[in-house]
Amino acid sequence: MSTADNLQQQSLAEEEYSYDVVPYPSHPFRQSHPERLASVGNLFGIKPAAVDNCRVLEIGCAAGGNIIPMAESLPESQFVGVDLSKKQIERGQLNIDALGLTNIELKHMDCTDIDDSMGKFDYIIVHGVFSWIPEDVQERIFEICQKNLNENGIAYISYNTYPGWHLRGMIRDMMNFHVRNLKDAPKRIQQSRALLEFLAKSVSADKGAYGMLLNSELQLLRRQSDNYLFHEHLEKDNTPLYFHEFIERAKNHDLQYLGEAQIATMWIGNFPKEIAQTLERIAPDIVQREQYADFVRNRTFRQTLLCHKDAPVSRALKLESLDGAYVSGNMEEKVEKDKEPQPAEPRTFINPVTRQTMTTQDPLVIETVLRLKDAFPCAVSFEDLFQNAMDKMVDGVIADATKIEALKRSLATNLIHMTVSGIVELQYNPSVYTADMPEFPKTSAVARMQAESTNRLTNCRHETVNVDDLSRHLVPLMDGTRTRDQLVEELKRLVDEGKLVIQQKGEKPEGISMDAVMGKAVDEVLKRIASAALLVRQ
């Protein structure tokens with residue numbers, strides 16, 4: 001074996017050891033879900049595989065926290081996850097066995113060993129991996145995306161970017177200098193935190209550019225977990241790059257830029273008007289425009305989607321892209337206190353997650369926004385949204401077919417605009433969850449398993465949600481076999497066994513029926529988990 005081979009094996013062994021000693025948390029990442037990737041692909045014209053019947057590969061799957069919930073919610077699709085950490089693969093396999101899933105396989109292997117024998121995939125996910133591996137392995141990732149991706153497939157790759165990581169990289173360099181003689185992972189983490197505290201105290205009164213920027217980064221890092229600190233800043237490899245460099249390397253492997261998983265970051269209309277106009281003038285193509293946008297934002301992280309160079313990507317955003325689409329949104333209306341909205345007056349809505357706002361007086365759009373809020377977290381088909389808006393129009397259903405078609409195209413135009421601006425989200429499959437209260441409430445098997453040990457559950461929108469202790473105790477019981485009244489009886493049992501204590505304002509309720517108290521408690525839990533997208537549609 002050559003010296004180079006020995007060094008490569010040593011590097012892989014160090015990487016495996018580090019992730020076994022300090023396991024990285026395995027969580028769902030909504031932006032990486034095939035549903036999100038397919039929505040971007042459909043908007044940009046490449047018609048990717050339907051998510052309910054596709055093949056998905058995740059490179060760097062850890063214990064499967066991202067890919068296992070996908071497999072449960074999409075039983076007709078096939079999933080493969082690979083990771084270099086044997087311990088995490090073993091932990092993930094235990095969860096798969098407990099859930100009884102047969103459409104997913106986790107492999108303990110080096111991603112460089114992925115070859116044609118694994119077949120083609122419709123979606124390839126590489127989250128939290130690319131920046132933390134050597135350059136030759138990065139090139140292998142591109143090669144896998146080119147060789148193992150189906151014709152209209154989509155690859156998701158996240159990575160650290162410049163210019164934002166220049167400052168963060170400076171702090172990383174300081175940490176690594178400080179712990180350069182330490183080998184023990186807990187000691188390296190402890191000393192890195194000690195250095196952060198020292199630096200934060202040193203620059204707390206510095207109002208100059210260096211002090212303000214450094215303090216901002218330090219405050220962010222002080223709130224991060226130990227595993228994040230270790231793998232983001234103390235790993236051997238962490239190599240950010242500029243967006244245009246990433247795309248150029250992808251092109252060398254016959255891959256092209258499709259877009260971003262968070263599509264709203266691509267819309268320059270989210271910039272002030274003068275900045276947007278300047279970006280359009282100085283950046284003649286999408287790659288240059290995205291790079292200049294990173295300069296303006298001081299961007300640190302990207303979640304980029306790639307596809308084959310011959311895929312028919314079109315960013316014209318045709319109205320036909322809404323054919324078969326579903327829309328979700330939970331906009332809050334900004335209203336003056338004690339003032340009711342008046343007909344024909346402009347109304348302003350804000351997405352509480354993206355913080356994007358929209359002002360409109362178009363009755364079709366207003367009725368659509370209100371319908372989406374009422375249905376949230378569930379998505380509503382475009383056809384149903386249009387019919388609902390038409391039914392709410394003052395004049396009722398308009399008989400003129402030409403005018404109806406014009407109104408439909410107008411609503412479609414507005415919804416596409418709302419999508420790319422981050423107001424609403426598109427998907428091309430019906431929601432697998434429900435906001436209605438079924439006779440036999442059911443949560444996902446993944447959520448039920450998680451609730452046995454934690455308050456952080458994966459919902460059916462592929463998000464992590466925090467639940468209260470009462471909900472955590474009831475979620476495992478919601479397997480679709482118990483009615484609401486039976487859940488009340490189960491709650492009584494938990495209280496009788498001393499596993500739960502029912503209190504009001506910190507004290508045991510007196511002078512009222514405990515049956516009524518527990519019935520109300522179950523009703524409130526059901527309402528909370530429904531709004532958190534934890535109830536499975538049956």
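The legends below describe close-up views of a predicted model.

Local features are described where pLDDT is at least 70 and side-chain atom pairs where pLDDT is 80 or more, while totals for chains, interfaces and linings use all residues. Residues are numbered from 1 along each chain as its sequence is written, and side-chain values use heavy atoms, leaving out hydrogens and water.

**View A. Cysteines C61 and C111.** The structure holds zero disulfides, a disulfide being a pair of cysteine sulfur atoms within 2.5 Å. For C61, the nearest cysteine sulfur belongs to C111 and is 11 Å away, and for C111 the nearest one belongs to C145, at 10 Å.

View B. Strand β4 covers residues 121–126, and six of its six residues are buried; strands (E, at least two residues) and helices (H or I, at least four) are DSSP runs, numbered from the N terminus. Strands pair if DSSP finds at least two bridges between them, and β4 runs parallel to strand β1 (residues 55–59), to which three bridges join it. E58 has I125 of β4 as its bridge partner. With strand β5 (residues 149–160), β4 pairs in the parallel sense over five bridges, and the bridge partner of Y123 in β5 is I154.

**View C. The β-α-β unit.** Strand β4, helix α5 (residues 135–147) and strand β5 make a right-handed β-α-β unit, which means that, with the strands pointing away from the viewer, the path from the first strand over the helix to the second runs clockwise.

Conventions. Buried < 20%, exposed > 50% of the residue type's maximum accessible area, 1.4 Å probe, protein only.
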